[in-house]
Amino acid sequence: MNRRPLLSFTVCWVAGSAAGCLFSGRSLLFCLTGLLLLPVVWAVSGRIRWRTAGVLVTALIVAALYWEYSEVRNVSLLPKALGHPVSELNEAYVTAAGVIASPVERDGDRVDFVVKLSSVRLHQQGEQSAAAGAVGSDPEGERVTVQIKLQEENEIAEAALWQRGDRVVIEGELIQPQIARNFGGFDYRAYLLTQKIHWLLKGTGTASVTVNPQVSWEPSTILRWNDKARSALGAEMSRLFQEPHAGYMKGLVIGIQKELDPETFRQFSQLGLTHILAISGMHVAVYVGVILVLLRRCRLTRETALTVTLLLVPVYVLLSGAGPSVIRAGIMSMIALLAARLGMLKDGLNILAASALMMLVWNPYLLLSVSFQLSFLVTAGLMVYTPLAAPLFRRLPGWLGSSLSVTIIAQLVSFPLTIYYFNQFSLLSVAANLLLVPFITFLVLPLGTLALLLGRVWNAASLLTAQLAEFLNNITFAAVEWVNGFTAGVLIWASPSFLWICLYYGLLYGLLHALKRRTEAMLVPQFMDDETRPLAELVRPEPPGNGRWKIGRNANSKSGNTTNQPDLPSTANSRRAALAFQAYPRSGSARWSNFAAILCAVSLTILLYKGYNAEAIRDGSGSISYLDIGQGDSSLITTPGGAHILVDGGGTVSFGNREAWRIRRSPFEVGAKTLLPLLKQRGIHRLDAVILTHGDQDHAGGLQAVLEGMPVSALLFNGTLVDTEPYTKLMTTALDAGVRLYPVQQGMTLAPDEAARLNFLWPEPPTDGQILPEEVEDQNHESVVFRLEMNGRSFLFTGDMDQAAEEAILRSANQSGIKQGRPIDALKVAHHGSKTATSAGWLAFWNPGTAVISAGVNNLYGHPNGGVLDRLADANTEIYRTDQQGEIQLRVSKEGISIRHKLN
């Protein structure tokens, strides 16, 4: 700490900011008290000076207060400006005036940008649209995200003229961003909050936007020019490269990722290669290095070359999109170039600390950015851990050893954050990074940049260069796809706790440090007491000395005279000998290093095992999660024995064939964007069974992403087929993945473990002896219905069954002499609460204690039906609804059932 005060100050600043972020009120006070004790303890122990301790304490307190100050100011001003509470403003129609404060981006039929408001006017109920240019209350520059839904294809050209800095008046609907509706789900509102945005403003068509172009120069004009330059570079890339190469090269060279092919991104993400597609330290280092080489080739002095490069770094940062990782790399490069220019001693960790401190003071919410965290953590890890790991690769050639150490350390350091945010890690990631990162960095990236530079100068050469880059890209894509074919190498992890992450880094450091000490001890020559030691100049240290042997040479050594005043060694061999013999008296250091290495390795192995199997550690309880996936159904059953059964997967329903211009590059799909991430976040490595109640898209659509992204043992369905492309693709994917298909029918049972049993009540068996599945258009009547018995409790799942199926099940029970079913603890209400099911007779037969209705917020079908709600109330059934309470979880133990839901 005494050697790197700036680093210590920044660490304390980050700790104080994190405390302010995670805690509030009395909890924050307790946390800060604990943190403040650490510098005091270090000062008392004499490891740091009291003055230093005071500075660190100040950093902790000021950072926490600064975070709290930022939180207090990060509130919406619209309720005060308009004189209405938030609940009344949500879905209110307004006219807002302001300035476009971001690039204008179009994806399909939607245009997105951010507006800094200057005025806003609330429309009263029944009021006609306000005239363009209307003014109202002043929201003091609040930022809102604007989403314009284009109505006609010819509106694309009009929207393309909108730019940052233009003054706009927008008529639209104010919407509060969506919060997380499932436990562990993505919270869009919290994400926008880190950008100090509290509202969405949704307009319809370009007619809802009136634009006045910027006429005078303002500071934002620089960013406007930068947007134009990036747009022009992107257009040039599109001219030179064909898809998917154009989108890939835009991300690789200039940081425009919005046009990257989603499948390409998924393939790279699975192998941990997405850092290549984000402009980061690697790109900045190549950029700075090339400029320095070119300037020196132009016969410029070293000082001039450093100065020019220093001034050009911000240009590259802006042109590449100015993301957190490239800003970090740019600031570090500028500090390093300035230090080199001034001839000052520079230290990598201090430069990194200065960059982090500057960015967090500018915007404390960067601390929550995944890109910021990964960029700084990996950079710091390479500086700290790589010197420890370097001796382990000493037997390899220098270039290979350094490449291996850097690649492995980067993967080890990024591993906890990777599994925390993305919940998967590929065992082949190290090999892929080792082979593909140099290939892309030193071949593809320069070729793409060269093609871009030659585009307006020598068109033939630029096209030829682009073709060569595309050839190399095809090799890259084929290699990535081939490696991803080994699906067994992709491990799914639950998001670990903060304590787990801290223990991981501590044990990793201890392991590498112990291995380094062991390696160094093994390299020291060992001698027996009766052996003749080399270097007669070896002398004892002066008591109470530092415990080390000293080596020196006397001026009279040629005559055999020695002295107790040794001189410093003058040759490289003597220096190496001195370094080696410094550790000689510690004869047990190798043994202690071995013990420490084994202890850290065992502890790290146990930690990884616990982290990987976190979900499998159970107390004999089972659980049922009724997931909120909008207007659809999806439930996750986890038995006491740890088996996972997914019932339906929701799905995004599309109405008719959409025009090509309306189709978005990465449209929202509930399976890929909601369901699969939730399963991974909870550490589910494999689904033992998927039950598809019927083939409607709002139940089956999301299962496509599940089958593609997670191992599934068996797929149980109603024994019928649906003549639709998505259903056919789903079944084909299941067969190709080796998933066992089971058509279920009335009377069948499934026992995943001793404490759980599924009894299937519907559909009824075919009466004509038919074996092959047939196509059925009305899938609701054929929905799979089953009763789950778990830990002595009973639950009924009904899919989208209709009243006719209910009556058939009741008739079958009556024929068997069963007049009253054993009461069930929870009923999943059929068909999202539609009036077509859940009859009074059905409720009387089962007498459910609790009912769960899965329905989308403000859905177009009016689900749940008022009559169904009345019948449930008459049956004294407690009602839970996903549209009001989000995900609903039931924890089922032998003692009883506990219920919690995401929203209050």
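Which residues are buried in α14?

Reply: The buried residues of α14 are S325, V326, I327, R328, A329, G330, I331, M332, S333, L337, A339 and A340, where buried means under 20% relative accessible area, exposed over 50%, and partly exposed in between (1.4 Å probe, protein chains only). The model is predicted, so local features need pLDDT of at least 70 and side-chain atom pairs count only at pLDDT 80 or more, while totals for chains, interfaces and linings use all residues. Residues are numbered from 1 along each chain as its sequence is written, and side-chain values use heavy atoms, with hydrogens and water left out.

Helices (H or I, at least four residues) and strands (E, at least two) are DSSP runs numbered from the N terminus. Helix α14 has 19 residues and spans 27 Å from its first C-alpha to its last, close to the expected 27 Å; the expected span is 1.5 Å times one less than the number of residues. Just after α14 comes G343, with a positive phi of about 70°.

The buried residues of α14 pack against α12, α13, α15 (348-362) and α16, contact being heavy atoms within 4.5 Å. Two of these neighbours can be followed further.

Helix α13 covers residues 302-319; its 18 residues reach 26 Å from first C-alpha to last, close to the 26 Å expected at 1.5 Å a residue. At L312, α13 bends by about 25°, and the proline P314 follows within four residues. That bend is the angle between axes fitted to the seven residues ending at a position and the seven starting there. An α-helix has 3.6 residues a turn, so residues three or four places apart point the same way. In α13, A305, L306, T309, L310, V313, Y316 and V317 are buried. These buried residues pack against α9 (245-254), α12 (281-297) and α14 (324-342). After α13 comes G321, whose phi is positive, near 105°.

Helix α16 runs over residues 370-389 and includes V370. V370 counts as partly exposed because its relative accessibility is 25%. With neighbours within four places in sequence set aside, V370 is in contact with Y421 and F422. V370 also lies 9.5 Å from T418, C-alpha to C-alpha, although the two are 48 residues apart in sequence.

As for the whole, the protein chain has 30 helices and 26 strands, and 47% of its 904 residues count as buried. Among contacts with a separation of 6 or more, 73% join residues 24 or more positions apart. A search of the whole structure finds zero disulfides, a disulfide being a pair of cysteine sulfur atoms within 2.5 Å. Among the cysteines, C31 is partly exposed, because its relative accessible area is 22%, while C600 counts as buried at 14%.

β25 pairs antiparallel with β10 (residues 622-626) over five bridges, pairing requiring at least two DSSP bridges between strands. In that pair, Y626 stands opposite I888. Six bridges join β25 to the antiparallel strand β26 (residues 896-901), and these two strands form a hairpin with two residues between them. The bridge partner of S893 in β26 is G896.
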